[in-house]
Amino acid sequence: MEKSSEDATRGKERPGDGLFPVGRPEQVGTYLRELWRRRDYLVRVPLEDLRVQNAHTLLGNLWLLLNPVLQVAVYLLVFGVLIELDRGVDDYLAFLTVGVFVFHQTQRTVTAGARSVVSNAGLVRALRFPRAALPVGSAIGQLLSFAPVLVVMLAVTLAHGHAPNLRWISLPAILLALTAFGLGAGLLAARATHTYRDLENLLPFLFRLLFYLSGVLYSVDHFIDDEALRALFALDPLYCLITIWRWALIGTEVSGPVWAGTVIWPIITLVLGFVAFRSREATYGSWT
Amino acid sequence: MTGSTSSPPPTAIRCVGVEVQYTVRSHRLLLRDLLRGNSPKATIVNAIRGVDLEIQVGESVGVVGPNGSGKTTLLQAMTGVLPLASGQLMVRSLPTFLGVKAALRPRSTGRSNIRIGLLAQGLRWGEVEAMVNEVAAFTDLGSAIDRPMETYSSGMRARLHFAIATALTPDILLIDEALAVGDRAFRERSAHRLDEHRASAGTVLLVSHNLAEVRRSCERTIWLQEGRIMADGPTEEVLRDYESS
């Protein structure tokens, strides 16, 4: 449908009258440049949203820090006091904290990306801008709100006697890997959610399943001895991301396939997500 | 731009056989199609059914018609946010729709919202900072500009929207029911801002149910009915027919 009107427009274009057709899809390069030109919007607006997020609470943005602290406190109570369960892991609290926080951060980035187009329908109809700005902006927002979580995560690992070390240098890179994967999956999910709203209901269950499969609560290496079977876990991007974070913060061993997965998954997902998202760009305004 | 355009003013917007469709999904329909193994079909709403239109630079055109006649859709198609189902829509420069409302944040202050609104319209941070005080002054909201927008009355909100949306003066301005807002003083100032805009050879399309406002601001009016143009001509003639319909 878009294609035929596109062709018609090009065919009848009269050079010299100073007019140009509206709504012509841009080349990828132009699209990315336009997205880059909006970088101030993409950072300032999520920052403002974060700033006013707790505006109606007594403690205000202290909650950004309190939330992860309370979460760790609950784990400490449940797994440290109530259930004596270390599942073959020495510093279970640090192991668990890193796993849960990294998992939730990925989940939040994907879920926010999935909703970004549908929940901004008004904006999509009102202003012309590269629609990828919506998932990208939501990913940046999630990245910004991860800062206090990261602080708590570092505090927990330090408290467990893991001194700062050279592996910390890799933190920006693995944070980038997490965000790139989250954005890529978010772009895919946003495009799918736009066609099938049903996905919004399915995503929580998909993530619940991945939560149990990705070794958030237990050490996969401790339960599975077979090397080939362990390598299969590299097919789960969340397992790769969690394991790399544990490597950086608490020195967990990382196998070759998981290293490869950490590099490859974010790249594949981001490229696929961008291409899939852009293929429906023109319809984001006209579908309700 | 060419020699032939020397006597009549050049064209700002040209629509030839423009059709715009909305896709509205019924989920029951979707499931039924999936079970039958068809690709899911959705209901197509023909919002604009073949509009031919030529608007000259510096013209101020009113768009009237009953609810659901496609007025807003036509304006949205002109900004390129909606794809055309067929026809062609050519413009001299990309029109701006007074639709910044959707970008604003209720919990943020009026001043923060000015920044957000200007950023959403594609400005860089430096440009925004240079303009924010001027826009804040135009809203005439006084100290309320630093209070959260959710504490504003609807009139105050409308003033903020109008001030942000018209802060950038595009060559072609599309307005959807934005003027009949605020108190008398603000209405006069916003009308004045549009007059200034037209004086500098700007083109304005004004969608409104307020016919007095259309009479005041527009010399030409288009009457839309069910996605087609019923009448297009001098405002007085078109509105006389429209009112007696």
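Modeller: The model in view is a predicted one. In chain A, the axes of helix H5 (residues 92-116) and helix H12 (residues 237-250) cross at roughly 135 degrees, and they come within 9 Å of each other. H5(A) and H12(A) are therefore oblique to each other. Their crossing is right-handed.

The residues that meet can be read from each side. H5(A) contributes A:Ala94, A:Phe95, A:Val98, A:Gly99, A:Val102, A:Phe103 and A:Thr106, while H12(A) contributes A:Leu238, A:Leu241, A:Ile242, A:Trp245, A:Arg246, A:Leu249 and A:Ile250. Sorted by class, this contact of H5(A) with H12(A) holds 11 nonpolar, 2 polar and 1 charged residues.

Strands of a sheet pair through backbone hydrogen bonds, either parallel or antiparallel. In chain B, 6 strands form an open sheet with mixed pairing, in the order S5-S6-S7-S3-S8-S9. Its edge strands are S5 (96-97) and S9 (228-234) of chain B, each of which pairs on one side only. S5(B) pairs with strand S6 (residues 172-176) of chain B in the parallel sense, over 2 bridges. There, B:Phe97 has B:Leu174 in S6(B) as its bridge partner. Helix H8 (residues 235-243) of chain B packs on this sheet and touches strands S3 (60-64), S8 (220-225) and S9 of chain B. The direction of H8 of chain B makes about 135 degrees with that of S9(B).

How values were computed: Residues numbered from 1 in each chain as written. Chains lettered and ligands numbered in written order. Predicted model: local features only at pLDDT ≥ 70, side-chain atom pairs only at ≥ 80, totals over all residues. Axes fitted to C-alpha atoms, helices over the stretch in contact; angles between N-to-C directions. Helix = DSSP H or I, 4+ residues; strand = E, 2+ residues; numbered from the N terminus. Parallel < 35°, antiparallel > 145°, perpendicular 65-115°, else oblique. Left-handed = near helix turned anticlockwise from the far one by under 90°. Contact = placed C-beta atoms within 7 Å. Nonpolar A, V, L, I, M, F, W, Y, C, P; charged D, E, K, R; others polar. Pairing = 2+ DSSP bridges.
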